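Q: Please take me through one part of this model in detail, starting with a loop residue and its backbone and then working through to the ligand site and the pockets. I would like the cut-offs behind each term to be stated as you go.

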Amino acid sequence: MARTLSIEPLAIEPLAGTSFGAVVTGVKVTALDDATWRELYAAWLKYALLIFPDQHLKRDEQIAFAKRFGPLEFEMAAISNVKADGSLRIEADNDDVMKILKGNMGWHCDSTYMPVQAKGAVFSAEVVPSIGGRTGFADMRAAWDALDGTLKARIETLAAHHSLHHSQSKLGHQTKKKDGEYSGYGLHDGPVPLRQLVKVHPETGRKSLLIGRHAHNIPGLDKAESERLLQELVDFACQPPRIYHHDWTAGDAVVWDNRCLLHQATPWDMTQPRVMWHSRIAGDPTSEAALH
Ligand code: OGA
Ligand code: MN
């Protein structure tokens, strides 16, 4: 089928100065024929982050695009400091949603605290602040590749527990799960997932570091040693040329591979609205399930 709906040809432009990421133009993600879709999916596996300017996706369009990557963990969640009634959340109130927005500012991988970690996410910007509020991404494939052999050998056999209770309480955020407007997603009780520090990508076979703020308590290490190692790994991993911070323009959409990237929000002036939409693509239980 011809790409009848694109005026310009599809162009995939790798980000400059990074190990990952590409900007895709000349395409409307709501109107991808099969050949273009296959090309895009292959580019997604290669670059791990695709950025699509000027998409202005409607809810149904975003969900439909996300579903091309696989079944969804959830269809569409607002990541926003604007309440349902249109008023702004007050930063100093530090309500449960604000705690989650602040928590997102630490490097993390989505849903590693769930039994099955996410495959990825389609994320789009509807309203953006005039300054700040960028989203950072970090390439954990390149981070693994850059580690020295001794450290590689040491961590290859290690695993860590992942929990949102852990990461939120480290910030002094005792998010309650029943009060407030936050759904409590991720704040379940019960077994804490254990995940290997080195993840093999199910589709590319590349190794990457599986770390970030939800990871803690490595079996076999004492607490302080575990904490130190995990922090050391994040500090090393999340540095140029392995990071990219996207400065949003309203209408942008991205899709990231949560099996090999970390991401983080960055601060903005919360007297300004920021409205982002997140469609979470479910991981494959055969490759994204926790060890137990
Ligand atoms: C998320 C997330 C970062 C941001 O939606 O999972 O971490 O920039 N968002 O809002
Ligand atoms: Mn996230």
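A: Asn217 is partly exposed, with a relative accessible area of 36%, where partly exposed covers the range between buried (under 20% relative accessible area) and exposed (over 50%), computed with a 1.4 Å probe on the protein chains only. The structure is a predicted model, in which local features need pLDDT of at least 70 and side-chain atom pairs count only at pLDDT 80 or more, while totals for chains, interfaces and linings use all residues. Residues are numbered from 1 along each chain as its sequence is written, chains are lettered from A and ligands numbered from 1 in the order in which they are written, and side-chain values use heavy atoms, with hydrogens and water left out.

Asn217 sits in the loop between β11 (215-216) and α7, helices (H or I, at least four residues) and strands (E, at least two) being DSSP runs numbered from the N terminus. Although Asn217 is not a glycine, its phi is positive, at about 55°. His56, in the loop between β3 (49-52) and α2 (59-67), is likewise a non-glycine residue with a positive phi, of about 45°, and His56 is partly exposed, with a relative accessible area of 46%. Most residues other than glycine have a negative phi, and most peptide bonds are trans. Pro240 and Pro241, however, are joined by a cis peptide bond with omega of about 5°, and Pro241 belongs to the loop between α7 (223-237) and β12 (243-246).

Turning to the metal, the manganese ion (ligand 2) is coordinated at 2.1 to 2.2 Å by NE2 of His108, OD of Asp110 and NE2 of His263. Donors here are N, O and S atoms within 2.8 Å of the metal (3.2 Å for Na, K and Ca), and water is not among the atoms, so sites may look incomplete. The donor residues follow the spacing H-x1-D-x152-H in sequence, and both His108 and Asp110 are buried.

An oxygen atom of ligand 1 lies 3.3 Å from a polar side-chain atom of Asp110, and one lies 3.1 Å from a polar side-chain atom of His263. For Arg274, a side-chain N or O atom is 2.8 Å from an oxygen atom of ligand 1. A polar contact is a pair of N or O atoms within 3.5 Å.

The largest pocket holds about 650 Å³ of space, and of its 34 lining residues the closest to the centre are Ala78, Ile79, Ile100, Asn104 and Tyr182. On a 1 Å grid over the protein atoms alone, a pocket is an open set of points where a 1.4 Å probe fits, with protein on both sides within 12 Å along at least five of seven lines, and lining residues have an atom within 4 Å of a point. The elements giving two or more residues to this lining include β4 (72-80), α3 (96-103) and β14 (261-265), and β4 makes the largest contribution, 5 residues. The second largest pocket, of about 180 Å³, is lined by 13 residues, with Gln196, Lys199, Ser287, Ala289 and Leu291 nearest its centre.

Note on methods. Points joined across faces, edges and corners; volume = space filled by probe spheres on them. Polar contact = N/O pair within 3.5 Å; in protein donor to acceptor, adjacent residues only side chain to side chain.
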